[in-house]
Every structure is written in C-alpha cells, then in structure tokens.
Amino acid sequence: MALKPPSEDAVAKAFAILMASVSEENGRQFISGDHQACEFLPVPQLPQNVDAVQLAKSCLARKMDLCVARMQNRRNLACPIHRLPLDILAMILEGFPVWSPSEETTSLLDLVCVNRLWRDAILNLPQLWATFPLDIPPNLALLVLERAKDRPLAITYFPMPVKNYLGHSNGDLLERSQVIDEVETMELLSGPLEYVLGEVGRWRTIDFTLSAGLYQSVERLLDAPTSALEVLRVSVKYPAFTGTMGPFTLAPGLPLKELTLYRVCTSWSSPRFTGLIRLNLGDTNSGPSVNQLLHILSNSPRLEHLSLTSLKPPEYGSSSSLSWSSGPIILDRLQTVEVLRSGTKYTSALLSSTQFPRAKSIHLWDGFPGGKTSKLDTKMWSAGNEQTAAVLGLNMAERRRLIIVVEENGINLKNQDSQLQEHFDVIICREDFAYLLPFIEEYISGCIPIPDIKLEVGVRAPLISLLAWSPLLRSLHVKGSGHCRKALEELAKQSPSLGLENASWMCPGLSEITLEYDQYEQEDHSLDIEPLRFLLNQRWSDRGSEEPTATQPASFTVKCHSLRFPQMWNLQEELREILPSFRMVDL
C-alpha cells in the first residue's frame with residue numbers, strides 16, 4: 001500500500017519550528033516561512049540563510065536516518081538468522097573460505113561487513129579461522145593465525161585460473177604454458193609459507209592441488225615434522241612425462257586418518273599409513289605393491305572408504321608373487337569400495353585376501369579390454385564364495401535384482417537399490433569372456449534367495465544362448481539384428497522341464513522383453529518378420545496349440561525406426577491381438 005505524503009501545511013509548520021530553533025540557538029533571525037518568503041530577503045543576507053537552512057536540513061536528515069536505522073535493526077533482529085544459536089551460526093559460516101582470490105566466491109572477510117552480529121561471530125570464533133590457504137596475501141596471513149588462536153590448522157592450496165589472475169586472456173602466456181592453466185609461483189606463496197611453517201605442530205590437515213611445476217617447491221611442506229597430521233590430500237595436475245611426482249617421505253608421527261594421493265608417490269611402508277579411515281590412491285605408475293596395500297588394509301580395521309583409480313603396482317606386468325602370507329583381512333566397517341582401471345592384481349588381491357561384508361557401494365573394474373584370462377575367475381565364481389556375494393550385494397536376506405550387461409569387451413553386473421542407498425557394480429574385461437557366462441550362471445543359481453536377473457546384450461557383444469539363463473531371467477533387453485533374431489528363435493522353443501510352472505518354455509519367468517534394432521545396421525530386416533510372428537503365435541496364442549501357453553509378459557517392446565522397418569510396423573495391430581502388452585516404439 002502506497003503511503004501519502006504529509007500535507008503542505010504540516011511541512012510548513014515543521015519548517016517554521018525548525019528554523020525558529022536555529023534562530024534562537026544562534027541569537028539571530030533567519031527565514032522561517034516557506035520558499036516564497038525568500039523573495040523578500042535582501043541579497044546580502046542570502047548566504048547566511050542558506051547556511052542556516054542547510055544546517056536544519058542536515059540535522060533533520062540525521063535524526064530521520066537514525067530512526068530508520070533503528071527500525072531496520074529491530075526488523076533484522078527479528079529474522080530467523082539472527083535468532084540462531086551461536087553454534088548453529090558457526091556451522092553455517094564454516095562453509096565459507098577465510099579468503100578467496102576470486103570475486104565470485106564469498107569469503108569470511110566479505111561476511112564481516114554484513115552486520116554486527118556476523119562480524120562479532122566471525123572475529124571471535126577461532127574454528128572459522130582454522131583453515132590456512134597458502135595463497136593468502138602476506139598481510140592477512142598473520143591475521144588468520146592470530147584469530148585461529150591455538151586451534152589445529154588445515155593447510156590448503158587450490159590454484160586460481162590464469163584468466164582470474166590476469167583479468168584478461170594472454171595468448172602468449174597460454175601458449176608457453178600449454179599444459180598448465182594456473183598461476184603457481186613461489187612468489188605468491190613464500191610469505192605465508194614461512195609463517196605457517198612456524199606453526200607445523202598445529203597442522204592437522206594438508207589439502208593441496210598442484211601442477212607439476214610447483215610440486216618441487218612445496219615438497220618441503222610434505223617433509224616437515226608434521227607429527228600431529230591426521231589428513232593428507234595431495235593431487236598433482238598435468239604431471240611430467242613420468243606420470244608421477246615424488247616420492248616424498250612423511251615424517252614420523254601419529255597414524256593418519258585419511259590418505260588421498262593422485263599422481264603422487266610416497267614411501268608406502270610408512271608406519272603412519274595404519275589406522276586409516278579413508279584411502280584414495282590414483283593415477284600413478286608407482287602405486288604400492290600388492291603386499292604393501294594389503295599390509296595397509298590389515299592395519300586399518302576402521303577403514304570406511306577405499307578407492308583405487310588408474311593405479312598400477314611397481315611389479316605391474318611382471319610375474320612376481322602376489323601371495324599374502326597372513327589370513328583373510330576382515331574390514332567390517334568398509335562401506336565404499338572403488339577399484340577402477342587398475343588392472344587385475346589389485347582386484348585379485350582384494351577379492352582373495354579381504355572381506356568387506358557390510359559394504360553398501362562397490363565399484364570394481366577387473367581387467368582391461370583385450371585382457372587375458374585371470375586365474376581368479378574360476379575361484380571367484382565357485383559355488384558358495386561369500387566374497388563374491390558381498391561384491392554383488394547378494395549376501396542380503398531379501399530378494400535382489402541383478403542386472404547383467406554383456407558388451408563387446410566384457411560383462412557388467414549391477415545391483416542397485418535407491419531406497420537402501422546401495423549400489424554394487426562389477427565390470428569384468430577379458431579378451432574372451434564368453435567362457436565365464438556358465439560359471440556366473442551356475443553361481444547365481446546357487447544363491448539364496450536367487451536374484452531376479454535382467455540381461456542386457458549390446459550390439460557388438462558376442463552371440464550368447466539364453467538356455468543357461470532360462471530359469472533366472474525376469475527381464476531381457478537385446479540390441480542389434482543378430483541378437484534380436486536369436487532371441488526370437490530361442491524364446492519360441494521349449495526347454496527341459498525344471499519342475500516349475502510353464503517350465504516347458506524357454507525363460508518361463510520373463511516379464512519384460514525389449515528388442516532394439518539399430519537403424520544403421522546393414523541387415524535384411526525382413527528376416528525378422530516371420531520369427532516375430534511365429535514367436536507370438538507359438539508362445540502366447542492358444543489357437544490350435546496342444547501345449548499350454550506361456551505366462552504373458554507385462555511388456556513386450558520392439559524399438560525400431562518406422563521408415564526402416566515398415567513391414568514390422570504393419571504387424572503391430574495383428575500382434576497386439578495375440579499379446580496385448582506388445583508395442584512398437586519409434587527410434
């Protein structure tokens with residue numbers, strides 16, 4: 001609702017009262033009427049009257065501004081953010097960095113200017129100043145250390161992009177630094193570096209992201225006597241041709257809680273790598289040996305997260321022994337396991353020498369495309385292997401759904417449950433992996449309870465028979481003319497009775513069928529017309545058949561391009577009369 005201004009009479013009275021007070025205070029008579037009275041003032045008196053009016057105006061404005069400020073302050077204090085307990089406000093403010101070189105990032109030094117409450121909280125809460133960025137301006141370095149008081153420190157360095165530092169694009173600089181997109185010079189770090197080295201006893205966390213050129217300069221930070229250090233995270237971007245920086249040797253001290261190294265090598269036998277809660281290693285050709293890794297795991301019973309990405313042990317490619325002389329390593333607290341693109345040796349060691357029965361998120365990538373057969377294959381899929389059940393998430397009491405994806409270079413087994421926030425994903429890459437399918441089928445058949453299987457076959461995957469999967473399949477999705485035609489032929493057949501309802505039909509428990517044709521394949525798609533018609537008539541039509549029909553699936557979908565497959569599209573109405581759940585989807 002818009003407010004109406006005061007009346008002219010009220011303004012005139014207020015002006016007269018204000019000017020009368022100015023006249024009384026100064027013992028002189030100044031103008032006290034409206035602006036029309038100015039016409040009768042002698043010219044020599046105008047400057048003094050102007051000064052008097054300006055004085056009255058400033059006093060009134062100051063009084064009104066103070067009134068507005070008081071009201072706004074009361075309104076602000078009524079906001080929920082100002083009623084938060086100090087500890088809750090501190091938790092919110094902890095999400096902001098102490099200082100940032102980027103104008104796009106809000107820092108604590110920006111927030112101190114918001115209001116008095118925030119300023120007092122920020123300046124008097126030492127935990128907000130416990131993160132020391134190495135690229136902080138030297139004149140602020142001492143302020144951070146002073147405000148942090150005796151709190152443990154986290155030493156961080158995340159380089160800023162060139163464009164943010166220079167303010168514009170510099171083609172010559174970018175050309176000279178083809179693989180480095182950050183400004184990283186010790187001139188930016190030398191002052192804060194010296195300050196923080198004097199507080200090395202308070203370090204609890206080191207968190208660096210570096211480029212190869214800077215690693216040598218900050219290596220002395222890693223070699224410092226960090227006896228109380230708990231968390232070490234170092235990632236090197238754009239490494240040299242060796243692919244790995246280091247090695248460095250961590251000074252003696254208490255065991256770490258977290259170790260994260262990417263493109264960095266260290267002395268893997270350090271006694272400080274025991275009692276870990278999180279372990280992340282990746283992108284290095286000089287990873288720990290298998291025995292060194294198992295030694296770290298055996299001494300970290302509280303481990304909750306394990307990630308090995310693009311990691312190769314020093315004996316990679318050799319025939320050295322991988323034997324682990326001690327018994328199996330039980331990791332009861334391990335929740336997340338990721339082994340990706342790290343060859344077969346680490347995967348073999350984990351599957352054969354460790355157990356993590358309570359893990360809820362597992363991602364294993366065993367082998368590389370074109371890789372050879374692993375000695376672990378038959379052992380992994382031997383009947384009753386509890387570790388395999390844990391890896392696939394099949395060690396649960398409830399019935400699970402297992403997705404098996406067969407592609408050109410390997411098999412992907414996935415078990416996901418979004419409600420329980422569980423995710424199990426195993427990729428097996430072999431040059432000739434087809435021999436594994438019977439082992440996998442036999443192993444899954446022996447699981448209690450038997451999981452529901454969804455089988456997906458890619459366009460370039462080798463042709464496989466559905467016979468072995470017949471009693472397990474609940475969903476089938478095949479791609480490519482060759483696979484679709486083979487599925488049509490096999491589903492129209494009968495299989496040996498297994499004592500189950502409708503067991504005379506191949507894959508009697510199928511409830512979802514999807515056939516997907518690639519429109520770019522050079523195939524005569526008319527060859528699929530009769531197999532499709534024959535399947536529906538043979539399996540689900542009761543006209544002239546002595547055998548009982550199979551249970552109708554909830555969905556039977558054929559995905560193909562309507563222009564490339566006109567004859568198949570013309571069959572849609574005819575086939576829907578036999579199987580109401582049949583439908584065509586245009587690609």
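Modeller: On a 1 Å grid over the protein atoms alone, a cavity is a set of points where a 1.4 Å probe fits but cannot get out, and a lining residue has an atom within 4 Å of a point. This is a predicted model, where local features need pLDDT of at least 70 and side-chain atom pairs count only at pLDDT 80 or more, while totals for chains, interfaces and linings use all residues. Residues are numbered from 1 along each chain as its sequence is written, and side-chain values use heavy atoms, with hydrogens and water left out.

Biologist: Okay, how many cavities of 30 Å³ or more are there? And what lines the largest cavity?

Modeller: Three of them reach that volume. The largest cavity holds about 70 Å³ of space, where volume means the space filled by probe spheres set on the points, joined across faces, edges and corners. Its lining is made of Leu455, Val457, Ile464, Leu466, Val478, His483, Lys486, Ala487 and Glu490.

Biologist: Which elements each supply at least two residues of that lining?

Modeller: Strand 17 (452-457) and helix 16 (481-491) do. Helix 16 gives the most, with four residues. Helices here are DSSP runs (H or I, at least four residues), as are strands (E, at least two), numbered from the N terminus.

Biologist: How does the lining of the largest cavity divide by class?

Modeller: Six residues are nonpolar, one is polar and two are charged. Ala, Val, Leu, Ile, Met, Phe, Trp, Tyr, Cys and Pro count as nonpolar, Asp, Glu, Lys and Arg as charged, and the others, Gly among them, as polar.

Biologist: And what lines the second largest cavity?

Modeller: Leu394, Met396, Glu398, Arg399, Arg400, Pro449 and Pro451 line the second largest cavity, which has about 40 Å³ of space. By class, four of its lining residues are nonpolar, none polar and three charged.

Biologist: On to packing. Why is helix 11 called oblique to helix 12?

Modeller: Helix 11 (residues 290-298) and helix 12 (residues 345-353) pack at about 40 degrees, with their axes 10 Å apart. That angle makes helix 11 oblique to helix 12: under 35 degrees counts as roughly parallel, over 145 as roughly antiparallel, 65 to 115 as roughly perpendicular, and the rest as oblique. Axes are lines fitted to C-alpha atoms over the stretch in contact, with angles from 0 to 180 degrees between N-to-C directions.

Biologist: Which residues meet there?

Modeller: From helix 11, Val290, Leu293, Leu294 and Leu297 meet Lys345, Tyr346, Ala349, Leu350 and Ser353 of helix 12, with contact meaning heavy atoms within 4.5 Å. Seven of these residues are nonpolar, one is polar and one is charged.

Biologist: How do helix 3 and helix 5 lie to each other, and what makes you say that?

Modeller: The axes of helix 3 (residues 86-93) and helix 5 (residues 116-124) come within 11 Å and cross at roughly 80 degrees. Helix 3 and helix 5 are therefore roughly perpendicular. Leu86, Leu89 and Leu93 of helix 3 make the contact with Trp118, Ala121 and Ile122 of helix 5. That contact has six nonpolar residues, no polar and no charged.

Key
1 Å grid on protein atoms, 1.4 Å probe; cavity = no way out; pocket = protein on both sides within 12 Å on 5 of 7 lines; lining within 4 Å.
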